[in-house]
Amino acid sequence: MSEVAFNETASANIGISQKNTHAVSSILNKILADEQVLYAKTRNYHWNITGPHFHALHLFLNSQYEELEELADEVAERVRQIGHYAVGTLTDFLELTHLSESDTSDLSAEGMIKSLVSDHEAVIIVLREEINAVGEQYKDLGTADFLTGLMEKHEKMAWMLRSHLGR
């Protein structure tokens with residue numbers, strides 16, 4: 001991971017200590033990595049989906065990856081708002097993510113949807129764990145609120161994906 005991108009600061013004077021904004025930017029950069037990996041996986045599945053519901057799933061996955069692209073941008077901008085730099089290389093994303101790249105063992109439409117549900121749920125769990133730490137331990141209520149909104153968006157995306165599985 002790039003030491004410059006991770007450790008330098010743009011010196012935002014927002015009432016939170018440098019030590020705390022650094023810790024929060026570290027959390028946010030890991031979340032950004034998750035967003036980027038999930039975006040790439042969703043885009044890959046959009047390109048490669050097959051089956052009797054191809055058209056509907058192709059369009060659905062298109063809307064999902066577009067939303068993930070926006071979420072990633074919002075996370076990167078939040079890192080900048082608190083005075084740090086967002087990571088931006090594929091190497092950094094793969095090093096920081098909680099997720100793994102596309103699983104190619106089951107490329108059926110159902111397998112792809114199950115994989116995406118699993119990843120969204122993993123992201124939700126990470127977000128849920130970080131919300132309190134960011135707000136209570138690091139005194140960044142703005143980012144805690146931001147993470148809550150992000151979690152709610154992933155909960156909706158996971159629900160929509162599970163609905164395609166009849167769950």
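The side chains of arginine 78 and aspartate 140 meet in a salt bridge, with N and O 3.5 Å apart. A salt bridge here is a side-chain nitrogen of Lys or Arg within 4 Å of a carboxyl oxygen of Asp or Glu. This pair links distant parts of the chain: arginine 78 is in helix α3, aspartate 140 is in the loop between α5 and α6, and 62 residues separate them. Helices are DSSP runs (H or I, at least four residues), numbered from the N terminus. The model is predicted: local features need pLDDT of at least 70, side-chain atom pairs count only at pLDDT 80 or more, and totals for chains, interfaces and linings use all residues. Residues are numbered from 1 along each chain as its sequence is written, and side-chain values use heavy atoms, with hydrogens and water left out.

Arginine 78 counts as buried because its relative accessibility is 15%. Aspartate 140 is buried too, at 2%. Buried means under 20% relative accessible area, exposed means over 50%, and partly exposed lies in between (1.4 Å probe, protein chains only).

By the salt-bridge rule, the count comes to six. Another of them joins glutamate 74 and lysine 153, at 3.5 Å from N to O. Glutamate 74 belongs to helix α3 and lysine 153 to helix α6 (residues 141-164), 79 residues apart. Glutamate 74 is partly exposed at 27%. Lysine 153 is partly exposed at 33%.

Arginine 128 forms a salt bridge with glutamate 155, and their closest N and O atoms are 2.7 Å apart. Arginine 128 lies in α5 and glutamate 155 in α6, so the pair ties together parts 27 residues apart in sequence. Arginine 128 is partly exposed, with a relative accessible area of 45%. For glutamate 155, also partly exposed, the value is 29%.

Helices α3 (residues 54-81) and α5 (residues 109-137) also pack together. Their axes come within 13 Å and cross at roughly 20°. Axes are lines fitted to C-alpha atoms, for helices over the stretch in contact, and angles run from 0 to 180 degrees between N-to-C directions. The two helices are therefore roughly parallel, a label for angles under 35 degrees. Leu57, Leu61, Gln64 and Leu68 in α3 meet Ala109, Ile113, Leu116 and His120 in α5.

Isoleucine 27 is found in helix α2 (residues 18-48). Isoleucine 27 counts as buried, at 11% relative accessibility. Not counting residues up to four places away in sequence, isoleucine 27 touches Glu130, Val134 and Tyr138; contact means heavy atoms within 4.5 Å. Isoleucine 27 and valine 134 are 107 residues apart in sequence, yet 8.5 Å apart in space, C-alpha to C-alpha.

Note on methods
Parallel < 35°, antiparallel > 145°, perpendicular 65-115°, else oblique.
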